[in-house]
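The exercises below are meant to be worked through with the sequence and the model side by side.

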Amino acid sequence: MNEVRPKTPPTYEQLRTMSGQELGVSEWTTVDQDRINQFAECTGDHQWIHVDPERARRQSPFRTTIAHGYLTLSIIGALALGMGIVPENTQAAFNYGFDRVRFLAPVRVGARIRLRTVLLSMEDRGPGQYLMKAANTVEIEGEEKPALTAETLVMLYERRKRAGA
């Protein structure tokens, strides 16, 4: 099944009318052991279920290492940017937080994941400022249950025209 992704990013005007609509589906990305190990180094979370393949093979109910839940959560930003859902005339986009996060299934080493995003709301927060709330599902290739669901909040700042320009 081919997913249709936006050819051009939506405008702010379009986003204001798209609540409840799917914004896009990302490309698949592989979560390999190197990526898991790098995340463990960055965070200091060296729990064996993530970084010790031999012990995980023997003792884990998954029989392999799994990605940190927070690693899977942190990938959302990069996958969302790759979908081209941020309007072109955006000066800046900042992570504003999460309203809900649920870790539903482990991401086994070597699994491929992708992001599916639905716009929940687009709230005006001042001149050229918008709070975008989106429902995100991180899907695992070949699995029925997603890795996680999360409602993200992103503050967008529209590039404004300079006076006299």
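Helices here are DSSP runs of H or I with at least four residues, and strands are runs of E with at least two, numbered from the N terminus. The model is a predicted one.

**Exercise 1.** Determine how many helices and strands the protein chain has, and in which pattern they follow one another along the sequence.

*Solution.* Counting the secondary structure of the protein chain gives five helices and six strands. Reading along the sequence then places these elements in the pattern α-β-β-α-α-α-α-β-β-β-β.

**Exercise 2.** Describe the extent, burial and contacts of the protein chain as a whole.

*Solution.* Along the principal axes, the C-alpha atoms fill a box of roughly 65 × 35 × 25 Å. Of the 165 residues in the protein chain, 38% are buried, and the accessible surface comes to about 9,700 Å², with 49% of that surface belonging to carbon and sulfur atoms. Turning to contacts between residues at least 6 apart in sequence, one finds that 70% join residues at least 24 apart.

**Exercise 3.** Is W48 buried, partly exposed or exposed, and which residues does W48 touch beyond four places away in sequence?

*Solution.* Begin by locating W48, which lies in helix α3, spanning residues 48-51. Because buried means under 20% relative accessible area and exposed means over 50%, W48, at 24% relative accessibility, counts as partly exposed. Leaving out residues up to four places away in sequence, W48 touches R55, A56, Q59, S60 and T65. For S60, which is 12 residues from W48 along the chain, the C-alpha atoms of the two residues are separated by 9.3 Å.

Notes:
Residues are numbered from 1 along each chain as its sequence is written. This is a predicted model: local features need pLDDT of at least 70, side-chain atom pairs count only at pLDDT 80 or more; totals for chains, interfaces and linings use all residues. Side-chain values use heavy atoms; hydrogens and water are left out. Buried means under 20% relative accessible area, exposed over 50%, partly exposed in between (1.4 Å probe, protein chains only). Contact means heavy atoms within 4.5 Å. Accessible areas come from the Shrake-Rupley method with a 1.4 Å probe; for residues, only the protein chains shown count as cover.
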